[in-house]
Amino acid sequence: MNTPIPYEIVKQKIKESGLPSVGKATIREIVKLVNEIEKATGQKYIRMEMGVPGLEPAKVGVEAEIEALRNGVAQLYPMIDGVPALKKEISRFVKNFINIDVDEKCCIPTVGSMQGGMAAFLIANRCNAQKDTVLFIDPGFPVQKQQLKVLGMKHETFDVYNYRGDKLKEKLESYLKKGNISTILYSNPNNPSWICFTEKELETIGKLATQYDTVVIEDLAYFAMDFRKDLSKPGVPPYQDTVANYTDNWLMLISSSKAFSYAGQRIGSMVISNKLFSRRYPDLKRFFSSDEFGYAMIYGAVYSLSSGTSHSAQYGLAAMLKAANDGEFNFVEAVRTYGERARTMKKLFTDNGFKIVYDMDEDKPLADGFYFTISYPGLTGEELIEELVYYGISAISLAITGSERTEGLRACVSQTHESQFADLEHRLKMFRENHPA
Ligand SMILES: Cc1ncc(COP(=O)(O)O)c(C=O)c1O
């Protein structure tokens, strides 16, 4: 078989990996397999399996963090609710880029949004003894379900693909009216599909959250990365879309990993609405000393998980946010390259017989950003990954993300440099020749 990566070596490495099916492998298993093949063949893959930021972190953050270390913060435990300089900048950031007012006390650093999610589940899913289940508006980030599994908590899920726009209300309500849903979680822009909810959809989610007294965890891991709009100017519309315009029952997770390319330092921001922060839920007393949502979050959840967030990283993030708030650092411009890459890469795939699986936000074509989704006629997602590996292209199956579109794959653009586009095109052409639709 004539494939861009020597067929026999790939076959051998797949066999050695012991994976029952490459198409069902987790992200990290694919990473390992492709590392092995690259090593054995000396050929570089178009690596689209993992959402690693592919850009340099903002200098202003790195410098501030080094300075904080020089000033001796490493010897001191950080305050659990965050250093005041950071709390102030998070609150300003939320006002400047989302146009939502929130008190500094409601802005809490976490060890990435990963920990923010875990802490949020610990509190939001325990406010009311009758409500013990998290609802995912999927597709989504698989690790969050893993977190619930570890916590012994229940979840329900539906793929939003067939329930966009006006159809969302009835579908969402069919879950909420059962009375067991404590929390709704989605990411926006969405990992893996890159759909962005419309204002109408966010209004639907917000109003139902109020009506059924449910907390919305809005996971903004790809903050301001809907590049169809210029969300880069502090205090100037348009702003990052949010459910916070339609309900008080919200909690946001703002990751620093992608928007600020700061994944390695494991710091993110949890922001809780002023009303939710001070709301009292007597049932929280089953687990925490306080029945106040915000107090239980800080001194119950975040304290138990890690006693706060790395001291120096807090100064790094504070400096980046301050520079963004003051209009001195355009963090959106710094990551816009992801959108440009996606535009070119999507075209290379569609020119060679692939289809984009999630392709519309109601009546608008999807934005180009960190991820996109692909399928190929006649192949399941599992078969497609297994085949693409021979062509030097790696991705993950949508099947592991709660998507019902099992024919699809998620492709991440962050690790594919422009200099590899010619290779990608060549490989896709060969794929098409060997797989006539
Ligand atoms: C949707 C979503 N939520 C959360 C995270 C985790 O973010 P962090 O690196 O801040 O822990 C990611 C990272 O890929 C993500 O895609």
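## The shell around the ligand

Helix 5 (residues 112-124) gives the most to the shell around the ligand, with 3 residues. Helices (H or I, at least four residues) and strands (E, at least two) are DSSP runs, numbered from the N terminus. The model is a predicted one: local features need pLDDT of at least 70, side-chain atom pairs count only at pLDDT 80 or more, and totals for chains, interfaces and linings use all residues. Residues are numbered from 1 along each chain as its sequence is written.

In total, 13 residues surround the ligand, and the closest are Gly-112, Met-114, Ala-221, Ser-255 and Ser-257. By class, the shell has 4 nonpolar, 8 polar and 1 charged residues. Ala, Val, Leu, Ile, Met, Phe, Trp, Tyr, Cys and Pro count as nonpolar, Asp, Glu, Lys and Arg as charged, and the others, Gly among them, as polar.

## Two domains

The protein is divided into domain 1 (7-43 + 336-434) and domain 2 (59-331), with bounds from an automatic or database domain assignment. Their C-alpha centres lie 29 Å apart. The contact takes 22 residues from domain 1 and 24 residues from domain 2; two residues are in contact if their C-beta atoms, placed from the backbone, lie within 7 Å.

On the side of domain 1 that touches domain 2, strand 12 (371-375) and helix 13 each supply at least two residues. Strand 12 gives the most, with 3 residues. By class, this side has 9 nonpolar, 6 polar and 7 charged residues.

## Helix 15

The buried residues of helix 15 are Leu-424, Arg-427, Leu-428 and Phe-431. A residue is buried if 20 or more other C-beta atoms lie within 10 Å of its own, exposed if 12 or fewer, and partly exposed in between, with C-beta atoms placed from the backbone. Seen down the axis of helix 15, the buried residues fall within an arc of 100 degrees, so they line one face of the helix; the arc is that of the directions from the helix axis to the C-beta atoms. The face turned away from the buried side carries the exposed residues Ala-422 and Glu-433.

## Backbone exceptions

Most residues other than glycine have a negative phi, and most peptide bonds are trans. The peptide bond from Asn-188 to Pro-189 is cis, with omega near -5 degrees. Pro-189 is found in the loop between strand 5 (181-187) and helix 8 (199-211).

Phi of Ser-307 is near 50 degrees, a positive value. Ser-307 is exposed, with 11 other C-beta atoms within 10 Å.

Note on methods:
A residue is near a molecule or strand if its C-beta atom, placed from the backbone, lies within 6 Å of it.
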